[in-house]
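Welcome! Have the structure open beside you, and we will walk through a few of its features together.

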Amino acid sequence: MKLGFSPAEEDFRRECAAWLNAQMAGEFRDIKGITKLTASPQRRKEWEQQLAAHKWSCIGWPAQWGGRDATLAQQVIFAEEYTRAGVPGRVNHIGIELAGPTLLTFGTPEQQQRFLPDIAAGKTIFCQGFSEPGAGSDLASVRTKGLLEKGEWVVNGQKIWTSLAHISDWIFVITRTTEGTAGPKGLTFLMMPIDQPGIDIRGITQINGDAEFNETFLTDARCPADSLIGNVGDGWRIAMGLLAFERGVSTLGQQMGFRTELDEIITAAKENGTANDPLIRQRLAKAEIGLRLMRYGALRMLSNTDNSSIDGAALTYKIQWASWRRSLGELAMDVLGQAGEISDAPGYEWDTLPNLFLYSRADTIYGGTNQIQRNLIAERGLGLPREPRGTL
Amino acid sequence: MKLGFSPAEEDFRRECAAWLNAQMAGEFRDIKGITKLTASPQRRKEWEQQLAAHKWSCIGWPAQWGGRDATLAQQVIFAEEYTRAGVPGRVNHIGIELAGPTLLTFGTPEQQQRFLPDIAAGKTIFCQGFSEPGAGSDLASVRTKGLLEKGEWVVNGQKIWTSLAHISDWIFVITRTTEGTAGPKGLTFLMMPIDQPGIDIRGITQINGDAEFNETFLTDARCPADSLIGNVGDGWRIAMGLLAFERGVSTLGQQMGFRTELDEIITAAKENGTANDPLIRQRLAKAEIGLRLMRYGALRMLSNTDNSSIDGAALTYKIQWASWRRSLGELAMDVLGQAGEISDAPGYEWDTLPNLFLYSRADTIYGGTNQIQRNLIAERGLGLPREPRGTL
Amino acid sequence: MEFAFTDEQVMIAETARAFFSENATSARTRKAMAADGIDHALWTTFCKELGLSGIGIPEAAGGAGLGLIELAIIAEAAGAQVAALPLLGSLALAAQAIAAGGSPAQHARHLPAILSGETIAAYVHDAALTADGDTITAADSFVAHGVSASLFVVTSNTGAWLVSADAPGVTITAQTTMDQTRPLARVTLTATPAEPLSPAAIAAAHNAGYVAAAAEALGGAQACLDRTVAYSLERVQFGRQIGSFQAYKHRLADMLVEIEQARSAVYWAACAVDEGSDEAAIAVHAAKSFAADTYFRCAGDMIQLHGGIGFTWDHDAHLFFKRARSLQSMLGSGAWHREAIATMLLGEAA
Amino acid sequence: MEFAFTDEQVMIAETARAFFSENATSARTRKAMAADGIDHALWTTFCKELGLSGIGIPEAAGGAGLGLIELAIIAEAAGAQVAALPLLGSLALAAQAIAAGGSPAQHARHLPAILSGETIAAYVHDAALTADGDTITAADSFVAHGVSASLFVVTSNTGAWLVSADAPGVTITAQTTMDQTRPLARVTLTATPAEPLSPAAIAAAHNAGYVAAAAEALGGAQACLDRTVAYSLERVQFGRQIGSFQAYKHRLADMLVEIEQARSAVYWAACAVDEGSDEAAIAVHAAKSFAADTYFRCAGDMIQLHGGIGFTWDHDAHLFFKRARSLQSMLGSGAWHREAIATMLLGEAA
């Protein structure tokens, strides 16, 4: 057990920081500090390409596909320096963190060749078509139909919460390809180009006034017969494998974003005097502790190479960070007082902290609600009996 | 809606207080201030009789049975003044508050005549034989068997958590009288004398070192054929009716006990300086608010004469006070600091506040755990689907 | 002693509930949110046709009599719909302040116009207010419905005044506000002519404001629960009504446990003020802090228990959530009210 | 950077776990509770036969080398059994203080006896301690295993001393203690001869004490969860394993969420101290407060989720519960540790 980094790793840290800071002071200074996922999509696509041009796009990937075969420690370092330099989040994070690893694990050599270089290069932006209006927590109840007709998949249905679909090039969807099935059987995982008449994307305005999510309507949407990952009927297995990638090294970059938010609250508390309030002090200390423990939980999870045993740190990670961040939003508002409820913007737009307060209500919902997480922890982590399905 | 008391009611309050204070300064001064349920049982039986002799034992009961037909306001006043005067809890509280009202509602005239005057007079102390080792939250799964043999009920089984059984004269038990039944059907409610060879009572030591609860073993225990309340098979209905009486006016007396505990914490906080700690101040204020709201919740519940509608105040009352008191115990310890963890007594005996801390862990368990309460609230109060039974 | 509604109170509650649930619809509220946060037509109907706007104001001062209990009943009903109305500012804070601290002439000049809805009054507080002769200088960044008001009741910790919105030295700045049903304006008064009220206005405003805010919160919290229960019986996942999952049921049960306490708090406080009880001081602090916290918790749970749909603009959950947050922070935070109670119990902290 | 146990650490953990679960049985612990709260035979076996008592003490000072990580591993295993042993006082607080603040002669005189179990040392702290020449005057009402100790490490906020239990002016008073596995004694020193240690002893005692207490809490919390999970699969009510009820499952899940964080906290803190990281100061405060709170919550849940049986003396739940409470209040409350962190983030409160 060792937390420190080696001198070579510290050198690597300096190299990352130097390059990132130079970018944020130079050609890409206009995007520095952006926190909203939806802001400046065009420039951020260019930023993806700039990362790729310098082999910083997917450093953990094999060199063959544009990566650097980076060690865990290097990935940790890059993720931390990336956020520390004020670089905005990856507009292709679904491609890099979910679609890419899924292709690396489950894709055919042809599919890897076709997609991975373009994902790494920032040329193919991906979004995810899993949830449906009737299939939220119960993801396996998807109804979107896929039929193989004349060498093409023809897909009909409706997906929802397709984050960033409006700026994406491709979408991967779980479709029901065997009629008469229900639940996890009979599903197939397809990758579809978005720019086609059969796909219609409509933004969903959120409670913070922003529209990061979408409804995606598929009406005779099409993709070639070889667009499936795995085999027909393998969709559930692939989807579950994909979701496990959500707990990758990118979590450390996400945490650096949380660090920025907490620091902003600390600054506000010092400015408005609430830093002297013992109640606020306790809550800030708890938030600080929670953030540190999140970091070390993530490092435990990432350092755990024994995949055969149940990993409690990994199972509990989602609910831990989501609950922490939701509390952070409430703490932010209590530090700001009523001033947190007004905005200088003319429209319904919010500064980092009030936006955190509003947006974080979704953290405990998307990617598996806290309730679903507790089911998983209890059933997979503690071996308790599974919730029975009903017959409605 | 009116909270104040009328001048006549205030006169009644002075009358109660005068009599109670005189008793606690005179003949019964030796029991003043006792808080443990198990302390001085003999003197407290004498106190029951003293109350009865002056018609203060069951003021809400009809005059015919030793009561005063007191109004709700009078009962509230008496309950409050009783605790305010430092009078210890009623050693026959199960007789007064549960057995009595059950007999008043479900008993035959003969049964009423036989039991009520003696309960009111403090001559018959009752305890309750409901739970069994295998029937806790799932009360309806009792297995204690009752068989009618030659004009007598013969009862075999084991009851548990029979509070104060060791100083009681009678026990009421739910027995399974129809073989082959399971659940609420086939149960019968019997009243049995305790002083017989077939009943063996063994104390259960609790985590606070006290032994208020017992195991009661019934081995060919007997009672006459007419000892049942209602009919054979009516046991569940009678038991549920009885449990509803738990939310009677006595709750207000119980609250006065809570008041004493909270006041003791406030005094301790002032003495040791934690009253200056803003965190403790917030928690004391919350405790104060909670106690006040408990009072007004109880008054709403008692004032609600429309029994036909779901009464949210009544349904939520148990979990409300139990959770409040458990938090109060934790607050008490945080006010006392490490000093709360040592005792001047030579044995494992505890002052009011540390004892509160330990004992209150049972408050959220007995009389329906918090989990069972939430089921009841959700199912009866909010109309949500019932938890399905299993087949184990 | 009878802690239950009288028949008259039951009738007022039924009337108010029916009125707001029929008229303060989501569509109308959203239209008001896009403008100044007031459904003016609804306010006019409420004041002129329903006949409840004078409740809590003595008949001698032009009101309908009755007291805070009845005012709370109305605020609860309005809160259940997140109605976009100036009830808290104009009727609870301002009108009560004027009724308690105004002269008969001031009553006559202002109360009929407020109760008829023709005048919208708002409440301005500045502990650092300075008075100089007949003028005052003060500022408050968070004046609810300040842009819509033509009259301000202005208080410091020791005095109270009336100021006309068109008086010299008054500037009113609209601000984008999280809760669009009650936008906050920045109001500054610079050597502005002001009519004094007696200081009795301050306590009256606080008592009525705390109770009305608490009652509004109670109504909102109960609505969050009711709507979530309804959704949980409709929505099916895993082949079951989601309301059949025990963890979900227990969370709803916990909401009711809090709400029932908030209900006790609101009507205890209203009753204690109406009866002039010694408990009124502690009761109003308890009610404001407890009910607002309950509302926030229930509104947060409403979003959570609706899942993704509850996070969308089109669903009403965020109206409750933002109103709940604003009720927590306005008129003193929960911690501030609890510290006031702690001071009653323990004295000032050393 | 690799935040996982080495093979050697895994082996130590397995050895310690096997040793304590085999030997620190409920029956033996209860026997110790009825006496001075120490299972002396177990302590002797642990110190003399297992060969782990010198862990965390430099080899040069007569220890086994290694560091707080390994000490935490052992404390975690002992905590899982609520073992009635002077591990925290004698090995973590006292021995670490002597190792860090003692001269080679002091090491030689005291450490072998402590590590062999022949000397039981206890930790006394008094911020108001006064020193006069070679004597000190001090008092501490809450000295863990004070009655059983023959040696005391005594600290003020600025100095550290060694005091023999049979020195002049020492009085030791046994006290009935809620957690009978670690009874607290009142120790007073009146002009008692004392050997000074270097002040480095203070930080060493604190770091080791906070980490060992946190590790003990972690082990206890995990045991509460494990035992409750096992019970929930055995106990049937309503025709179902009670562990099949979703609300029950979720409560157990919440315990694991806290425990996993406590686990990160304990080993982060141990590692940070061992590596001399800048983060050590914040880490030890985080670990002590978070792990003790987690333990208390899990132990309380253990009672609740066992129902009535969990409230009985004969069931072990109360051993965990009382140990958890004592770990919360000893060596600084959670609020105190969090305030220390707040001061690092925000400076002293004005």
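## A buried leucine

Let's begin with C:L87. This residue is buried, because 24 other C-beta atoms lie within 10 Å, and 20 or more are enough to count as buried. C:L87 sits in helix α5 of chain C, which covers residues 87–101.

Which residues does C:L87 touch, leaving aside those up to four places away in sequence? They are C:A75, C:A78 and C:A92.

## How confident is the model?

Keep in mind that what you are looking at is a predicted model. Chain C has an average pLDDT of 97, and 100% of its residues score at least 70. For the model, the scores are ipTM 0.96 and pTM 0.97.

## The nonpolar core

Now let's turn to the core. The largest nonpolar core has 490 residues, and the members that touch the most others are C:V211, D:V153 and D:V211.

Take C:V211 as an example. Not counting residues up to four places away in sequence, C:V211 touches C:L68, C:A72, C:V266, C:A269, C:A270, C:V273, C:V284 and C:A287.

## Where chains B and C meet

Next, look at the place where two chains come together. Here, 41 residues of chain B are in contact with 42 residues of chain C. On the chain B side, the helices that each supply at least two residues are α3 (72–84), α7 (250–272), α8 (278–303), α9 (312–315), α10 (317–336) and α12 (370–381).

Which helix gives the largest share of this side of chain B? That is α8(B), with 15 residues. Sorted by class, the side of chain B that touches chain C has 22 nonpolar, ten polar and nine charged residues.

## A helix with a buried face

Finally, visit helix α6 of chain D, residues 104–115. This helix has twelve residues and reaches 16 Å from its first C-alpha to its last, close to the 16 Å expected at 1.5 Å a residue. Its buried residues are D:H110, D:L111, D:I114 and D:L115. Viewed down the axis of α6(D), these buried residues fall within an arc of 120 degrees, so they line one face of the helix.

What do the buried residues of α6(D) pack against? Their partners in chain D are α3 (40–50), α5 (87–101), β1 (121–125) and β4 (151–155). Just after α6(D) comes D:G117, with a positive phi of about 90 degrees.

Methods
Residues numbered from 1 in each chain as written. Chains lettered and ligands numbered in written order. Predicted model: local features only at pLDDT ≥ 70, side-chain atom pairs only at ≥ 80, totals over all residues. pLDDT = per-residue confidence, 0-100. Contact = placed C-beta atoms within 7 Å. Helix = DSSP H or I, 4+ residues; strand = E, 2+ residues; numbered from the N terminus. Nonpolar A, V, L, I, M, F, W, Y, C, P; charged D, E, K, R; others polar. Expected span 1.5 Å × (residues − 1). Buried ≥ 20, exposed ≤ 12 C-beta atoms within 10 Å, placed from the backbone. Arc of directions from axis to C-beta. Core = buried A, V, L, I, M, F, W, Y, C linked by C-beta atoms within 7 Å.
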